[in-house]
Amino acid sequence: MDVLYGIPILGIIFQFLGYVIEVTPGIAPIVLGLSAPIALGAMCGIMNERSGIVNIGIEGMMLSGAFAGFLIAGLVHQAMGPVEGFGVFGITPALLAGVLAAIVVAMLLSALHAWLSITIATDQIISGVIINVAAIGLTGYLNRVLITPNPRLGAGTFSTFRIPQEVADFPVVGWIVEMFVEQGPIAMSVVILVIVLQVLLFRSRWGLRTRAVGEHPRAADTVGVNVIRLRYRNVIIAGIFAGLAGAYLTLEGTSSFQNQMTANRGYIALAAVIFGRWTPIGAFGAALLFAYSGAFGQAVRIRPPGVEYADLGPIMAAIPSQVYGALPYIVTIVILAGVVGRSIAPAAVGRPYVKESHA
Amino acid sequence: MTAIEAKRRAEAPLLRRLLRLAAVPAVAVLGALIVGAIIISLSSMASGPLDLMLPLQAYGNMFEGAFGSVRGILFTIASATPLILGGMAVGLAFKAGLFNIGAQGQFLMGGIGSAAVGAWMAGAPAIAAIPIAILSGALLGAAWGFIPGALKAWTGAHEVVTTIMLNTIAGAIIGYLVTGPLEAPGFGFSRTGVLGNSELPAFEGTTIHLGVLIAFALVPVVWWLLWRSTLGFEIRTVGANPDAARYAGMHPALITILTMSLCGLLAGLAGAGQILGISHFMTPSYGTSIGFDSISIALLGRANPFGIMAAALVFGAMRAGSGLMQIEAGIPVEIIDVIQALILLFLATDVVIRRLLRIRAESAEPDELQTVTKSYGSGSPT
């Protein structure tokens, strides 16, 4: 392949591919971890939008979940004292309580979103804004009141599953296994959740009804689907994903809570939904791509292309690291504008459903 | 609303009309303060017994900080300034049936534009440096508003998603510029250069700079634009019903692009004012909550420039007074965000409130929001 490096442009492309193959094994497990909260947030978004509800409050639900998870896990840990972790993931009662708390809080916020957008028929974007502002305010406030005076609060994190070194060293297959399996429980479950949601959404009665409610609620109502009830149920259940995403941030990815630590992941999740054309597998792919883009940017900074990539080196050095971080957002705009392949939302998304009266 | 009802409403005495308009926002603010008081009381239990007087003390300190002295009042006005411009950037979009979540990005682009040009013109005479620095900020903000407007008009990409994306892209651009090409040497941290003559003049020893005067002067201008000019009529028609507007020979696509650019201009102006008048330089991760604040203020002010001014003064007072509250009563400033969310919640549930209180007031939600959400799933050019 080195011969090809001499040809301009094509040479640079091959050098780029060579560099990608060089750095990828090192960052692959990190990428899946980084993509976990985005993918989970995207699942929340898909369940909402497929049912005809816009949800820009994913960010706030995630943040609240992260806070509640950290707080409850920390309090249980303090009450029980150190407990030996169980199994390969080092599961403790404190961590479990934390995950549960994160899910419950995110579901409560989802229920608020459902009530505002389905029953009150408030503008759904405003409802999302309310959830985001409330989450930033309440977590910031409670962080100062409850966690700051208690600096030793914390229950640690779930352990990462370790695969034998021989497996990891196996080329390509080893990297992929390492990427998906050398993870904590939440990140590892993402793949399963994505597949389950994909199958349910496109192969089950519930999925057909959900999609019908998102595309044409009146038609769904005519054939006997309870639009309001199904929307309520889906929006509230979708909160589980946002809660898990939050729990990942404070109980698996790191072991602390910082104000606004979701750092726009909820919005990237929204982008992943669009990029993945409202399908779970597509959104998961998008989340992986977005996370890879960010990690690749870091890799370039830490380990820039060496002398063997003579043409590529100066190009990579000239690209600011912020470009990789902003890439998901730019790509989403391009996709949404239909420049490369149109992505079209469920037709009834954003519109409250009012049953026709008999009068 | 029937024609007779509209006529009767227009003929009602001004004061009663004002009362009817302000009823729901006032109840929302009051309700939010009451629920906020409950949260403050409950949180006192974290460090001792339940203190029922704590909210009164906290609100008292906040009021004192915002209005207790001339300095406080001036600080309130200065804090309200970017909120007025940001609120109008969101409110104007509402009138055209657009939801501008991008005030944050437009503010940041306005800020970096004026910081860069201001530093570049630091040595020029103030009479040239100041207008050019302000204008470049405003124009960069307008450009950042033009993008989602054009995308919506030409491709149907919904502005809610594109503006959210553009906010983060603006953040990344600023991060790059301030740590790269625009970084000024000789400081211990990354920042843009010294403004010199581009700094906005302020009244001696106060935070009342030229930008404050511009913001307040723009309130009647935007009101006139919306309610007395042909463009305003077209904006409101497109917002109420794009199809009817097209049928009447207007160009909804053009109006969409123009309105979003104007919104960007206003938000960019807010950024320019903050940088040239208050902080005097840009940092790589310039923190601001202007995006969500602007949405709250536009809704609280019913998308009317004068209403927005009043709402911005309320929020400005809370922000200005929160510092004293944190020092004296030990209540974290984040309670302001909680109260803000509660205000929005009360506004959003105004149907419930009006039924509960049996008040005959007008709905808080701008009618044009119907147009906003209807277009979310359609994805077709205007």
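Helix α11 of chain B, spanning residues 252–279, comprises 28 residues and extends 39 Å between its first and last C-alpha atoms, close to the 40 Å expected at 1.5 Å a residue. Helices are DSSP runs of H or I with at least four residues, strands are runs of E with at least two, and both are numbered from the N terminus; the expected span is 1.5 Å times one less than the number of residues in the helix. The model is predicted: local features need pLDDT of at least 70, side-chain atom pairs count only at pLDDT 80 or more, and totals for chains, interfaces and linings use all residues. Residues are numbered from 1 along each chain as its sequence is written, while chains are lettered from A and ligands numbered from 1 in the order in which they are written.

Because 23 of the 28 residues of α11(B) are buried, this helix is largely enclosed by the rest of the structure. A residue is buried if 20 or more other C-beta atoms, placed from the backbone, lie within 10 Å of its own, exposed if 12 or fewer, and partly exposed in between. Just after α11(B), B:His280 adopts a positive phi of about 70°.

Chain A contains 14 helices and zero strands. Its radius of gyration is 22 Å, close to the 21 Å given by the globule rule for 359 residues, so chain A is as compact as a globular protein of that length; the radius is taken over C-alpha atoms, and the rule is 2.2 Å times the number of residues to the power 0.38. Of the 359 residues of chain A, 52% are buried.

The contact between the chains takes 48 residues from chain A and 42 residues from chain B, two residues being in contact if their C-beta atoms, placed from the backbone, lie within 7 Å. On the side of chain A that touches chain B, α4(A) gives the most, with 17 residues. By class, this side has 33 nonpolar, 12 polar and three charged residues. Ala, Val, Leu, Ile, Met, Phe, Trp, Tyr, Cys and Pro count as nonpolar, Asp, Glu, Lys and Arg as charged, and the others, Gly among them, as polar.

The largest nonpolar core has 232 residues, and those with the most contacts inside it include A:Ala39, B:Leu266 and B:Leu344. Such a core is a set of buried Ala, Val, Leu, Ile, Met, Phe, Trp, Tyr and Cys residues joined through C-beta atoms within 7 Å. Apart from residues up to four places away in sequence, B:Leu344 touches A:Ile126, A:Val129, A:Ile130, A:Val133, B:Ser296 and B:Leu299.
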